[in-house]
Amino acid sequence: MLHLVCRQLLHRPLRTAFTLTAVAATIGAVLVIQGFQSGIYRQLPGLVLNRGGDLIVTQAGITNMIAARSTLPQLARRRIEAIGGVEIAHPLTAISAIFARHGRKTPIFILVYDSAGGPRNIIAGTAPKGPRDIVVDRSLARIHGLRLGERIEISEYAFRISGITTGNVAFFTPFAFVTYDGMIDFYMESKVVGDITTFPLLSFLIVDLEPGADRDRVAAAIEARVPEADVFVPRTLAANDRKLGRAMLGPVFNLITAVSFVIGVLVIGLIMSASVNARRRSLGVLKALGFSSRRLGGAVLFEAAIVTVVAFPFGMALAWGVAAVVDAAAPLYVVMFDDPATLLRTALGCAVFALAGSLIPVRVIARLEPAIVFRR
Amino acid sequence: MLHWTLRTLFARPAYLLASACGVAFALMLVIFIEAVFAGESGRIVNYLQKTKGDVWVMQRGVSNLHMATSFVSDWKVARIAEVEGVRKATPILYMNASIEIGGRQWFSFVVGMGEGEGRAGPWRVVKGKRRPGKGEVVIPATLARITGLDIGATITLNTKKLKVVGLSAGTFSMANSVTFAHADDLSDVMSAFGMISYVLVDAETGVDPRILAARIRDRIDKVNAVPLEDFIASDREMAMQMGVEIINIMSLIGMGLAIVITGFTVYSQTSRRRRELAVAKALGVRNRAVYGSVLLQAMCIALLGLAIATALAYAGAPLIEALVPLVALTIEPEVPLRLGVLALVIAAVASLIPARQVLRVDPATAFHG
């Protein structure tokens, strides 16, 4: 059967190339959609995990860093640093803002930091040094055409871009980084409200432990000493962000994935039908020679399987190409399908839609009359 | 030649339909992604649309409700109410938060309403109270259905436990569900005492909201005032802009798939009719005419695919919304029109390979046995 299928595929190389391209494009599309989903989920924990520290302190009841408004009392830092086993507690403030330029608006997440929790993955320039310095992610720079050293305005306060990072994005929202000096000046000079205490001054504390300190014991001590706070291991807080993202975006992405799989079934069904239709005469000859419908149907299923297996790496290559284009043109999004789960899910999905799709032409074969071979 | 083209195309209607369906599903991917963003953008501005109001006042430098943070000193509400042309000024506190409902975290925008103030509250309540008192909350009915909660259940906003006293309709969204709480509870959570977030202004009859907004900006220090229409447009535009790249990329992917499917179909049709093409060429039909025929076939498939995609999308959207209530789908009327242009591009590109095949057909083969 392998010989028969291979000969049929090699007999019309252009048609086979077309078939492979169509199937590869379908696989590529499915992979890209899955990759978008994985990319968004993969971006989410970065907000927490890139801040460092052994423990992260939030306002009591706040279980996320993303999409949450955490406010800690000013004295919390001093109280936490007095606890045995705590080496230092670094302050971190998160501010949601909207950056507008040339008619386009982008929500941004400004992270105000002091001694830790600042920008990672700087690809150009430096971390903020002066109060007017700001580090922005390249996704924001790409959307608004921003360059290093350029002056930008946020809430009527002028910053200078001192650095550009990569990969500091989550929930379609790029991050920006300023120092506390910058934040105080921003609050004072932008003069948007009379009372500076209205603004969040301390959102989180990133706690470094002394070598050998018992993490769980210190966490319990912090919660006992500062009842207004909750303490998390960064991994847990990151997992919470990821869970929130899944809850929000999961249904829509699952729906899009389901639609893409239906498209996959249809495309493969169409291609295999076209392939069988084009070979009706030769299939009629085989039937006249005594090949059963079952055997010929099996050959079609086998052909679909071979086409899908051969097309899969091409589909992956196409998806890699799209991922590279997305990375260059729209760094707000990440297309990631390198994790085994995504690849396995897609491969299994492709196997299913190859089988389901080839059932359509199998019916054509079952109805095929051997007499067709004698017609002109 | 036109007759031959159409006869060839419709010779196997099932095959034509299958090809058009392939194109349709590729285009549906584009329509679907756009519909998701448009649907969600529509839900995002639902609160503004339903609460109406003529002008919204907020912190200077802010011009959005969605994803924005705004603080205005509460004494300014009285000043705003005194501005000529203002009938009523309703303050609200507003914050985005992750709320624990039914054991899961949900992202929501929380509106804090003053005691006895229903102006900025839910516009339709399907069960329970419309105005939450202290320690109470009104949540979207959809969210209650998903989480299996009902009146009397407890939700957690930060550490504050709030009792569900009402279920509102039209307030659910994946990115922007609206929860209504008492302003005192919210100011506790936000530690925002003496502050409000936005002021909803109702104008006196006959007052132009634009003129009123300008007057408020002029008279009240450090605030921005925006007519409702502009405020809605600003939020909707920002939400759509957040997804514009993803839409463009999915459009390219859908277009690529549609090109391959159309090209494959036309190529298959042309392959089957090589002898007929040879005869036509032997009879003096020029290559240009034959290529025109191939292009016409491709256009018919692409446009038929678009028609099927549009019909399926309009028919399927309510069904999907019923099955997956978390997802809102809105198909903007201009999308099928825009995809019509895309379909023509698809047809032109898809016919290139079959066209090469046509040009290579040797008229002499018509006389071979």
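Predicted model: local features only at pLDDT ≥ 70, side-chain atom pairs only at ≥ 80, totals over all residues.
Between them, 5 residues of domain 1 are in contact with 6 residues of domain 2, a contact being a pair of residues whose C-beta atoms, placed from the backbone, lie within 7 Å. Local features need pLDDT of at least 70, side-chain atom pairs count only at pLDDT 80 or more, and totals for chains, interfaces and linings use all residues. Residues are numbered from 1 along each chain as its sequence is written, and chains are lettered from A in the order in which they are written.

Chain B contains 13 helices and 12 strands, defined as DSSP runs (H or I, at least four residues, for helices; E, at least two, for strands) numbered from the N terminus. Its C-alpha atoms fill a box of roughly 95 × 45 × 30 Å along the principal axes. Of the 369 residues in chain B, 52% are buried, that is, have 20 or more other C-beta atoms within 10 Å of their own C-beta atom, placed from the backbone.

In helix H7 (residues 209-219) of chain B, the buried residues are Pro209(B), Leu212(B), Ala213(B) and Ile216(B). These residues lie on the same side of H7(B), because they cover an arc of only 100° around the axis, the arc being that of the directions from the helix axis to the C-beta atoms. Their cover includes strand S3 (86-101) and helix H8 (228-242) of chain B.

Methods: Buried ≥ 20, exposed ≤ 12 C-beta atoms within 10 Å, placed from the backbone. Contact = placed C-beta atoms within 7 Å.
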